[in-house]
Amino acid sequence: MALTQDEQLGKLYNALADRVLEPGDPVYVAQVNCQGQNDAIAEIAAEIRWQAGGGVCLFTGQRGTGKSTELKRLQQRLEAMQAVVFYADLSEYMLLTKEVEISDFLVSVAGAMSEQIEARYGASPANRSYWQRFTEFMQTKVEIKEFGAKLPGMDIKAALKSDPDFKLRVQEASRGHVAQLAREAHDFLAEAVGFVREKEGDSACKVVLLIDSVERIRGVGSEAMRVYESVRNLFFGHAELLRVPLLHIVYTIPPYLSVLGPGAGALMGGAVPRRLVSTHIFQDHSRDPDPAGLEVLRTVIARRYPDWEKLFQQAALDQLAVSSGGDLREFFRLIRLCLPSVRDDSQLPLSPAAVEQSENAARSEMLPIPGEHLAWLQRIAKTHATCLEKDADLPTLAHFLDNRLVLNYRNGRDWYDVHPLLRELVDAHVVRTAS
């Protein structure tokens, strides 16, 4: 039975819902994140295979580039190498809109590992979870009163995630005990590796912990800059504490940190950030559409909804692909924005003119932009570099990348450009400045 217009639109709308793809999902398109010879996941897997005694790998990319999906692929690849792999979403353990310190970060990492081991084996190293150990540490070494009795209505993990005041008190109280707290976390994680190897009956098996969602730490409003600074301090000021002997850890990191060069990675034993970039919808260092990139995004839509040509003219879909800048999440969002305005069959398939309303709506969400930011965006558009002149400006660049005002590409070599929907505004600012 043929689908009605409303059913077709609803099916496409739901097919483009944001979700993490499991390995083997038929809608997965490898060319999105395996462009040319670049396969970040294959490189990370090889590095873990060669690392002796544990190590750190860094994985980055802007929102919407598919990091969580690729981490699932990495997990499958590592398990095929007989590694034991644990995955943890940091958003389940930390309040991601507030400043982060090495104390609460290590607590969250160790707590996540503890819970993953308990879930897999039904037991904990030495029959004590990390949360129990942390509670005892805070009672005896730090003496925060809340740890003397059970927290009302929530446990410590939940309090650290959802109670800003409690998190702040823990941070303040822990500052005089960072070295000891880090040692306690490292000791637990080392015990955890030994425990896993014993359970697996393999004294040499690699144990890997994938830490996702670190790149989602970002402040809002007046706190934004302090939060960005705290993330930078975490990975540059405390890099050596993020490396744990015996354990292989993959941290996702915000894309702005990799702009600062290999500094943090060098402190962690030479880790080089592997980066996912937007689909190369434009030819190298230009604004000319790339036919190969357009074909990739058509394939992505066809995998999710084979009858898309009943709803969009190819020229209209390609226009949305270009307007998205090759950012997959933005591409899906632009398509979904078009659908509710369709009233009858005569509008289908949607033409390029018909999708402009969605483009305007998406553009409005990025406005207004302060004049000084427009001037910086103009420099990026001209040079295709980040144009970061001093470390103090990093929070502004972080804002550009986090909110996709600037997109990162790698065809030829790494380069940057302003979001396509902002180009006219950026160019107009240049005219006004020149006059």
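Guide: Let us begin with the way residues are sorted, in which Ala, Val, Leu, Ile, Met, Phe, Trp, Tyr, Cys and Pro count as nonpolar, Asp, Glu, Lys and Arg as charged, and the others, Gly among them, as polar. This is a predicted model, in which local features need pLDDT of at least 70 and side-chain atom pairs count only at pLDDT 80 or more, while totals for chains, interfaces and linings use all residues. Residues are numbered from 1 along each chain as its sequence is written, and side-chain values rest on heavy atoms, with hydrogens and water left out.

A pocket is found on a 1 Å grid over the protein atoms alone, as an open set of points with protein on both sides within 12 Å along at least five of seven lines, and its lining residues have an atom within 4 Å of a point. The largest pocket has a volume of about 610 Å³, a volume being the space filled by probe spheres set on grid points that are joined across faces, edges and corners. It is lined by 30 residues, and those closest to its centre are Asp18, Arg19, Gly66, Thr69 and Arg329. By class, this lining of the largest pocket divides into eleven nonpolar, seven polar and twelve charged residues.

Helix 3, strand 2 (84-89), helix 12 (291-304) and helix 14 each give at least two residues to the lining of the largest pocket, where helices (H or I, at least four residues) and strands (E, at least two) are DSSP runs numbered from the N terminus.

Helix 3 (residues 67-80) packs with helix 2 (residues 40-50) at an angle of about 40°, with the axes 10 Å apart. Here the axes are lines fitted to C-alpha atoms, for helices over the stretch in contact, and angles run from 0 to 180 degrees between N-to-C directions. That angle makes helix 2 oblique to helix 3, because angles under 35 degrees count as roughly parallel, over 145 as roughly antiparallel, 65 to 115 as roughly perpendicular and the rest as oblique. In this contact (heavy atoms within 4.5 Å), helix 2 contributes Ile41, Ala42, Ile44, Ala45 and Ile48, while helix 3 contributes Glu70, Arg73, Leu74, Arg77 and Leu78. These residues divide into seven nonpolar, no polar and three charged.

Turning to the second largest pocket, we find about 250 Å³ of space there. Its lining has 15 residues, of which Glu365, Met366, Asn403, Arg404 and Leu405 are the closest to its centre. By class, the lining of the second largest pocket has six nonpolar, four polar and five charged residues.

A cavity, by contrast, is a set of points where a 1.4 Å probe fits but cannot get out. The count comes to one cavity of 30 Å³ or more, and the largest cavity holds about 40 Å³ of space. Around the largest cavity lie Val32, Asn33, Gly64, Thr65, Val277, Ser278, Thr279, Gly326, Asp327 and Leu328, and its lining comprises three nonpolar, six polar and one charged residues.
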